Amino acid sequence: MSAAPRTGRPPAPRGRLRRLLDRLSGPQDGQEPDRLPDHEEPTDCTRISDCGDRQIVKVTGTLRTVTLRPRAGVPALEAELFDGTAPLDVVWLGRRSIVGIEPGRGLTASGRICISQGRRVLFNPKYELRPLGQE
């Protein structure tokens, strides 16, 4: 018996739930951009890859995932912001949901970055949602 030839592609998702999760957490056009287009990136924003620990920054990007994950028994809404250079975890403590915070939505956030478990995190930031259709 011979094995099926490999095509270099990962196997397709198997179930409805897996396909739904992939669709909700993945980019809308099927490909991740290396960077956001320059016309969408405000000039006063810092690239996430350039952000250091305890630095006050303003960053912009697209939300890739949004989850409810309690921290020390307190509800916390966590979202992963991606600007094409690196991911940033944005956490709103004490919140179960925020209207407009959803995967695929553009967001500009500002606050003090911290490094937690090797990842950049921004707690309770000031934020602006970009208008729909401009992501």
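Trainee: Leaving aside neighbours within four places in sequence, which residues is Leu88 in contact with?
Mentor: In this predicted model, Leu88 is in contact with Ile48, Val59, Ala79, Glu80, Leu81, Ile113, Arg120, Val121 and Leu122, once neighbours within four places in sequence are set aside.

Trainee: Which residues have the most contacts inside the largest nonpolar core?
Mentor: That core has 18 residues, and those with the most contacts inside it are Val59, Leu81, Leu88, Trp92, Ile101 and Leu107. At least two residues of this core come from each of strands S1 (56–68), S2 (76–82), S3 (87–93) and S4 (106–116).

Trainee: Why is Arg130 called buried?
Mentor: Buried means under 20% relative accessible area, and Arg130 has 10%, so the label applies. Arg130 lies in the segment after strand S6 (126–129), and its side chain makes a polar contact with the side chain of Thr60 at 2.6 Å.

Trainee: Why does Asn124 count as partly exposed?
Mentor: The relative accessibility of Asn124 is 44%, and partly exposed covers the range between the 20% limit for buried and the 50% limit for exposed, so Asn124 falls in that middle class.

Trainee: What does Asn124 touch, not counting residues up to four places away in sequence?
Mentor: From the loop between strand S5 (119–123) and S6, Asn124 touches Val91, Trp92 and Leu93, and its side chain reaches the backbone nitrogen of Leu93 at 2.9 Å.

Definitions and conventions: Residues are numbered from 1 along each chain as its sequence is written. This is a predicted model: local features need pLDDT of at least 70, side-chain atom pairs count only at pLDDT 80 or more; totals for chains, interfaces and linings use all residues. Side-chain values use heavy atoms; hydrogens and water are left out. A nonpolar core is a set of buried Ala, Val, Leu, Ile, Met, Phe, Trp, Tyr and Cys residues joined through side-chain atoms within 4.5 Å. Buried means under 20% relative accessible area, exposed over 50%, partly exposed in between (1.4 Å probe, protein chains only). Helices (H or I, at least four residues) and strands (E, at least two) are DSSP runs, numbered from the N terminus. Contact means heavy atoms within 4.5 Å. A polar contact is a pair of N or O atoms within 3.5 Å; within protein, one must be able to donate a hydrogen and the other to accept it, and residues adjacent in sequence count only if both atoms are side-chain atoms.
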